[in-house]
Amino acid sequence: MVLSLKEGAREEDLDAVEAQIGCKLPDDYRCSYRIHNGQKLVVPGLLGSMALSNHYRSEDLLDVDTAAGGFQQRQGLKYCLPLTFCIHTGLSQYIAVEAAEGRNKNEVFYQCPDQMAQNPAAIDMFIIGDTFTDWFTSYVHNVVSGGFPIIRDQIFRYVHDPECVATTGDITVSVSTSFLPELSSVHPPHYFFTYRIRIEMSKDALPEKACQLDSRYWRITNAKGDVEEVQGPGVVGEFPIISPGRVYEYTSCTTFSTTSGYMEGYYTFHFLYFKDRIFNVAIPQFHMACPTFRVSIARLVG
């Protein structure tokens, strides 16, 4: 991925882009692009990936010329410059180079078209950063600090709370979560989250502690306090065997009609050598919340 970075842009190139779009580029954007001029359109992209069974996203950091070609003048995204692009979904993160249509100058966001509005200019926004520096340094910090896991040479944008861990006997369960803006909407309220669960048995456990997961139980609570209980066999169609030192990880998803919610529950296992002995393993409570969003001014004034 790092090899896909392009050499820094020249001052005259940045000046030419400003002339092309008719707006000044943010100073911190210019400084960053003097060091690197985005990246080639490759997979995986530098700005993170996300993978589910039927959905894949990987965002590339656009070079300044490609970004200028995608500069928006249409209603709903006026004066917005794309920062990233996903080849698979068409998703982009934008920076507002001017204050317009209720956006603050320099803030970074994902667009979220209002699916209930007749006006195509009704585009809500999930705010990702107040400035280019805020957005970029926050992402880099998560990468270099290990906050975002690197799996098979891809950066996955899962956030892990160090306290979101539960140990039952020799088995530890930990959870990381992520919000998917491309599968979410503000109107109607539909907030899509994915979570990655790691189940690990201590390497010091006795061999006879080897066991197999039989079923799962979830208690899902939204921000209104509404509770849904879910029970079912296995996890994502599998019945993993856990033995000393072994790790099993899987990814699943959930949606809320509220901006936040939480899940907790347990897995039921049986011992391989004592199949009639079953036991429950706690899943720690984990919270999910969508980013700050701003509703479209086109709908507010309408």
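Because the model is predicted, local features need pLDDT of at least 70 and side-chain atom pairs count only at pLDDT 80 or more, while totals for chains, interfaces and linings use all residues. Residues are numbered from 1 along each chain as its sequence is written, and side-chain values use heavy atoms, with hydrogens and water left out.

Start with the open sheet. Its 5 strands line up as β5-β7-β8-β9-β21, with antiparallel pairing. Strands here are DSSP runs of E with at least two residues, helices are runs of H or I with at least four, and both are numbered from the N terminus; two strands pair if DSSP finds at least two bridges between them. The edges belong to β5 (80-82) and β21 (293-294), each of which has a single partner strand, so one side of each is left without a neighbour in the sheet.

Next comes β15 (residues 211-222), which has antiparallel links to several strands. With β19 (residues 260-271) there are 11 bridges, and Y217 has Y266 of β19 as its bridge partner. With β16 (residues 227-233) the count is 7, including the pair of S215 and P233. β15 and β16 also make a hairpin, with 4 residues between them, and G225 in the turn has a positive phi of about 90°. The link to β17 (residues 241-242) comes to 2 bridges, and there Q212 sits opposite I241.

Finally, E7. This residue lies in strand β1 (residues 5-7) and is exposed, at a relative accessible area of 72% (buried means under 20%, exposed over 50%, partly exposed in between, with a 1.4 Å probe and protein chains only). Leaving aside residues up to four places away in sequence, E7 touches I35, H36 and N37. As for Q39, 32 residues separate it from E7 in sequence, yet their C-alpha atoms are 8.8 Å apart in space.

Terms used: Contact = heavy atoms within 4.5 Å.
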